[in-house]
Amino acid sequence: MTRKVGVIGSGNVGSTLANNMLVAGTADTLVLIDTNELKLNSDATDFEDAAANLPTHTTVVRNDYEALADADVVVIAVGSIGVQNDDAKHDRFVELKVTSKAAKEVGTKLKEVGFHGVLVSISNPCDVIAALFQKYTGLPKTQVIGTGTLLDTSRMKKVVGQKFDVDPRSVSGYNLGEHGNSQFSAWSQVRVMGHPVTELAKDRDDVDLDQLAEDVRAGGYVVFHGKKHTNFGIAAAALRLVTAVLNDAHAELPVSNFREEYGTYVGYPAIIGRQGLVRQLQLDLTDEEKDKLAASAKYIKDRFDDVAAKLDNE
């Protein structure tokens, strides 16, 4: 049984993810798709040049949608980071005009070739684009997942780990909601050194949870301000998600998945395996956290309803 993964979009994130998968030996066949054939062929040639020094073999296929028909996973990494600027404060919805049209075009092509695997969406705004891909591919909601707050959660674990001088992997918990400005750190769920972070904060004057939350939110802006894009962090999150699907890991990850109670995709932990979303979780949140999550989900749903209506009328 071979593992086939497609990556649609060979920009900063797509090419970084593809390289990570090649180095890690994640897939036996890697299908690369991009409208910029010069960039895609350059990446593919570069990957082939690396092959002799890699521990595993991966076949690289170029710009062949038909090859995605039997892919296990297709990752959506289309984007338009060029529309971002410092004044926009890295608002991921700035990309929606371009990425929403790509979702309709690419989603329709995937449906036409008969793709029936798991779709992982990275493209911003993550939650809305995941919902659009589900609409246009016609795939079950359980088979369409966005990276969601997986990266935001990683940033939270980094910030908390630095404050308490522990490895970020030793921090548990989640950031929830939109992968964007309305996401938040659900402190009631965060534990470090065997204790709830909320309890530890009471005993330490130097731990300000509000400031830590702001540091988490600002993480992406710091990266974007320095190089006008982000790629390593989100590519690592996508690799973890793709690997969980291929390995049927039943891993608990805070991804963008469709929540019936909100009627939209939103970042919330779920169990991920071979078929995509295996099982949803129900967290015991505080009333304040519930309100924040509901507000974030409403923002996502309103934007999806608006852009979906516009696309249907085109």
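## What you're looking at

This is a predicted model, where local features need pLDDT of at least 70, side-chain atom pairs count only at pLDDT 80 or more, and totals for chains, interfaces and linings use all residues. Residues are numbered from 1 along each chain as its sequence is written, and side-chain values use heavy atoms, with hydrogens and water left out.

## A three-stranded open sheet

Val171 and Val192 belong to a sheet with the strand order β7-β10-β11, which is open and antiparallel. Strands here are DSSP E runs of at least two residues, helices are H or I runs of at least four, and both are numbered from the N terminus. β7 (171–172) and β11 (195–196) sit at the edges with a single partner strand each, so one side of each has no neighbour in the sheet.

β7 pairs with β10 (residues 191–192) in the antiparallel sense, over two bridges. For two strands to count as paired, DSSP has to find at least two bridges between them.

## Strand β2, wrapped up

Over in β2 (residues 29–33), five of the five residues are buried, so the strand is largely enclosed by the rest of the structure. Buried means under 20% relative accessible area, exposed means over 50%, and partly exposed is in between (1.4 Å probe, protein chains only).

In a regular strand the side chains alternate between the two faces of the sheet. Strand β1 (residues 4–8) pairs with β2 in the parallel sense over five bridges, and Val5 has Leu30 as its bridge partner in β2.

The unreviewed UniProt entry carries a "binding site" annotation on Gly9, Ser10, Gly11, Asn12, Val13, Gly14, Asp34, Ile122, Ser123 and Asn124. From that set, the lining of the largest pocket includes Gly9, Ser10, Gly11, Asn12, Val13, Gly14, Asp34, Ile122, Ser123 and Asn124. Two caveats on terms. UniProt positions are in the numbering used here, feature names are shortened, and annotations may be inferred rather than shown by experiment. A pocket is found on a 1 Å grid over the protein atoms alone, as an open set of points with protein on both sides within 12 Å along at least five of seven lines; a cavity is a set of points where a 1.4 Å probe fits but cannot get out, and lining residues have an atom within 4 Å of a point.

You'll find Ser123 in the loop between β5 (118–121) and α4 (126–137), buried at a relative accessible area of 3%. Setting aside neighbours within four places in sequence, Ser123 is in contact (heavy atoms within 4.5 Å) with Ile76, Ala77, Val78 and Ile129. The Ser123 side chain also reaches the backbone oxygen of Val78 at 2.5 Å. Asn124 is in the loop between β5 and α4 too, and is buried with a relative accessible area of 14%.

## Salt bridges

Side chains of opposite charge can pair when their charged atoms come close. The structure holds 16 salt bridges, each one a side-chain nitrogen of Lys or Arg within 4 Å of a carboxyl oxygen of Asp or Glu. One of them joins Arg62 and Glu48 (2.9 Å, N to O). This pair links distant parts of the chain, with Arg62 in strand β3 (residues 59–62) and Glu48 in helix α2 (residues 37–50), 14 residues apart. Arg62 is partly exposed at 30% relative accessibility, and Glu48 is partly exposed at 40%.

Others stay within a helix. Glu214 and Arg217 form a salt bridge with their closest N and O atoms 3.0 Å apart; they are three residues apart in helix α7 (residues 209–227), so about one helical turn separates them. Lys298 and Asp302 do likewise at 2.8 Å, four residues apart in helix α9 (residues 287–312), again about one helical turn.

## Ser296 in helix α9

Helix α9 also holds Ser296, which is buried at 1% relative accessibility. Its side chain makes a polar contact with the side chain of Ser182 (2.7 Å). Such a contact is a pair of N or O atoms within 3.5 Å; within protein, one must be able to donate a hydrogen and the other to accept it, and residues adjacent in sequence count only if both atoms are side-chain atoms. Beyond neighbours within four places in sequence, Ser296 is in contact with Gly177, Glu178 and Ser182.
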